[in-house]
Amino acid sequence: MEVNPSPTPGFSHPVTDVLREREEQVSRPGERRDQYRLALAVEGGGMRGVVSAGMAAALERLGLTRCFDLVVGSSAGAINGAALIAGVARHGPATYSGPFASRAFVNPARVLRGGPVIDVDYALRYTSADLDAARHERVLNHPIALHCVAVDVETAQPVDLSGMTSKHELWAALLASSRMPWAGGPPIQIAGRRYIDGGLASAIPVAEALAAGATHVLALQTRPHGVPRKSASRIGDRLIERHLRRLNPALVTLYRDRVAGYESVVTDIARRSRDPDAGPPHVLGVRPPAGTPVVGQLERRPAVLAAAAADAERLMEQTLRHSAGAQPSSSTATRSTSSSATSTRTSTSP
């Protein structure tokens, strides 16, 4: 049985300690007074990304974006992470329940014509009064680094795409990270290599954040407690595996192992979240509580999406509010820490 480690009044964790101290010091990236590297790891999951979008919106509204040194996203999490760096995360929830809840963005029938079920190109091209076209340039010029996790087709291993210097490179990295196998279209090519959805190997990119040098990681999780990762259908599995086998048979093994790998990461995040002394490195996961309705990967009902985002915003606010005023934990930011990655990853700059 999994215990829901929801924060309680007086809750303290090294990750929230660093957040609180940097907020109080008005600390900014590139001008830190501490030796820590605080990362935001963002899970996606198609339209379930509305959950991490709501959490990111709360962080932005509370003025905490500047407290992070890097943002690491996988799949829709990479898109949400880019929105936070660009300063438009507060508009993410309304975008998911508005223009993204349309057939222009989500349309399963498109796959019959060889098109993507979820058209990420549409999301990147989309502009409005709230989501301006210049947001992509702000990501490139921001001192907070964006890392997009994708899977290399040839090696069947997760890869950290970072160091983008142009809008073309940024879009390519975001498309690669969110390119769903079979349903998303062909792999994205970057510098002669092919990439597909990072969620296949690292849906919650904590390992990549640690490999990039993070000492503290705040992980935004989109599946509620007690809800395991699972396949949508046997037919879907067969179609996806047939597609992956044509690309590289090793990808089929990766696909079949994804559930066990995901649960292992979730268990480790829960352990580190419950025990402030489990690090360094220190990891705190924010995850919807048990009983929270699960948002489907292809969900298009505006009311469901809006409710999920609102719940996620409140959850993030509660987590940070409960940590406010708490005494720093014994292994808090006042103690020297060193980063250590739980696994080795390849870093690629397209």
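**Buried loop residues and nonpolar cores**

In the predicted model, N107 is located in the loop that runs between α4 (92-97) and α5 (120-125). The relative accessibility of N107 is 11%, and N107 is therefore classed as buried, the cut-off for this class being under 20%. When residues up to four places away in sequence are not counted, the contacts of N107 are P116, V117 and R300.

R287 also belongs to a loop, in this case the one between β8 (282-286) and α12 (302-323). Because its relative accessibility is 8%, R287 is assigned to the buried class. Two backbone oxygens are reached by the side chain of R287. The backbone oxygen of R223 is 2.7 Å from a polar atom of this side chain, and the backbone oxygen of P224 is reached at 3.0 Å.

In soluble globular proteins, nonpolar side chains tend to be buried together. In this model, the largest nonpolar core comprises 74 residues. The members of this core that touch the most other members are L40, L146, L161, L174, L218 and M316. For L174, with neighbours within four places in sequence set aside, contacts are found with A78, I79, A82, L124, L146 and C148.

Notes: Residues numbered from 1 in each chain as written. Predicted model: local features only at pLDDT ≥ 70, side-chain atom pairs only at ≥ 80, totals over all residues. Heavy atoms only, no water. Helix = DSSP H or I, 4+ residues; strand = E, 2+ residues; numbered from the N terminus. Buried < 20%, exposed > 50% of the residue type's maximum accessible area, 1.4 Å probe, protein only. Polar contact = N/O pair within 3.5 Å; in protein donor to acceptor, adjacent residues only side chain to side chain. Core = buried A, V, L, I, M, F, W, Y, C linked by side-chain atoms within 4.5 Å. Contact = heavy atoms within 4.5 Å.
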